[in-house]
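Subject: Structure handover

Hello,

Here is the structure I promised to pass on. Please open it beside this note.

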Amino acid sequence: MNRASIVQVFFPAFRSKMLNCGLNSIFSKQSVIPNYFGLRNISFFNKLPAEDIWRGVTAVSNAGKKRGRGKGSGKKVAKDLNKGQTIGFGKNNRIWPGLNSPIMRGNELIHQQKLDENLDRETGILKLRDSMGNFRLIKLNPIDRGWSGSKMPGRSIGQPDTVGEEEFTSFDTRVLENKIVFIMKGNMGRKRRYSVLSVTGNGKGLAGFATVKAPEARTALRKSKNRAGQKLINVSLCENRTIYHDFRTDFGKTKIYCFQKPHGYGLVCHRAIQTICKVIGIKDLYAKIEGSTNLQHIVKAFFIGLMTQRSYQNIANETNFNIVQQQNTRNGLTEVKGIPFLNSTQAQSNQEVDYMHFTLGNKIVLKKNGVLPFYVNSKGHDLRRVKAERFRNQPKVRLHKLIHSYV
């Protein structure tokens with residue numbers, strides 16, 4: 001059977017059937033039932049509130065926190081998509097009486113009407129949303145900043161809380177260390193906590209320090225501040241500005257050499273020791289650290305050294321020597337600082353004892369030889385030394401002649 005015969009047989013039958021269906025559907029007396037399409041009006045975006053949706057984007061799960069994930073999650077900021085938008089003003093601006101405009105204005109009834117299109121509105125909203133997404137660092141007053149910008153170490157957290165009727169007036173608390181530590185629990189696994197080391201003082205020789213761990217950073221800061229106020233130590237100051245004598249102290253692998261300095265020298269030492277000196281009231285000090293620079297070891301070693309220092313009178317009674325100080329900054333002025341009592345048990349002698357070796361415990365600071373520049377012993381450097389030999393010691397000779405010309 002070829003193609004032409006198939007068309008002649010089947011096409012008339014198909015045509016008559018389609019015509020009968022069409023006439024029956026036109027003249028049928030049965031009512032037409034409309035079709036209803038099911039619409040899903042609830043979705044993920046309108047089922048949960050905005051806070052929960054943003055939390056799913058910016059937050060980290062508890063399992064991720066235990067594994068140390070999400071350290072930069074604080075930089076993800078939830079955007080308020082309603083910010084910058086007004087009801088009735090959008091792509092199709094309209095006045096809606098009772099919604100974005102009053103129903104009556106005087107005696108005139110306001111009707112719904114279309115406004116002109118605002119082309120800059122969409123651009124402004126997009127710029128506003130982009131600015132909300134950027135993470136901005138907290139700007140602090142330069143006085144309130146710590147050792148490194150807005151980070152907690154070195155920053156002030158105020159005075160300790162009042163205990164009963166005792167108030168910590170004129171006290172200031174500084175954070176020395178703020179870190180995250182973990183502890184393993186049998187039922188919870190890795191438990192995350194914050195460890196805070198802080199020091200407090202009134203600037204007049206009364207100070208204390210404490211280390212506290214807590215699940216939250218604010219709780220750890222508050223507890224550390226209050227506990228430091230409960231462990232105060234009285235530190236004796238010489239002339240209310242410096243230490244009594246040079247001393248050496250250590251804790252663990254940390255060794256600290258502290259030296260008394262004249263008025264106006266300042267604090268030349270580790271930043272943790274600088275912070276401690278400020279809250280205690282020490283203004284002039286030089287300190288050299290050898291060994292480990294663990295912050296907790298530095299704080300403990302420095303406080304041990306402050307508590308073990310002795311006054312001039314105690315040293316004079318112990319050694320049965322007169323304590324005499326020569327002040328090079330005042331042209332070699334000699335001043336007697338301590339005289340032993342007459343009823344001292346030790347026999348008097350005219351022997352001179354090195355005060356620094358006595359207070360440092362016969363220890364000296366390790367002085368490393370500096371690395372010589374690359375041009376030393378070169379041809380040009382040797383030539384310069386030969387030319388400078390003629391003027392060697394000339395400034396000192398000129399100053400000496402100038403001084404003796406007025407005598």
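Below is what was found in it.

This is a predicted model: local features need pLDDT of at least 70, side-chain atom pairs count only at pLDDT 80 or more, and totals for chains, interfaces and linings use all residues. Residues are numbered from 1 along each chain as its sequence is written, and side-chain values use heavy atoms, leaving out hydrogens and water.

Strands first. Helices (H or I, at least four residues) and strands (E, at least two) are DSSP runs, numbered from the N terminus. Two strands pair if DSSP finds at least two bridges between them. Strands β10 (residues 254-260) and β12 (residues 285-291) run antiparallel, joined by seven bridges. Thr254 faces Gly291 of β12. Strand β11 (residues 267-268) runs parallel to β12, with two bridges. Leu267 has Leu285 in β12 as its bridge partner.

Next, the core. A nonpolar core is a set of buried Ala, Val, Leu, Ile, Met, Phe, Trp, Tyr and Cys residues joined through side-chain atoms within 4.5 Å. Buried means under 20% relative accessible area, exposed over 50%, partly exposed in between (1.4 Å probe, protein chains only). The largest core has 28 residues. Ile256, Ile273, Ile280, Ile282, Leu285 and Phe302 touch the most other members. Elements giving two or more residues to this core are β6 (189-201), β10, α7, β12 and α8 (295-308). The most come from α8, with six residues.

Last, Leu402. This residue lies in helix α12 (residues 394-404). Leu402 counts as partly exposed because its relative accessibility is 48%.

Best wishes
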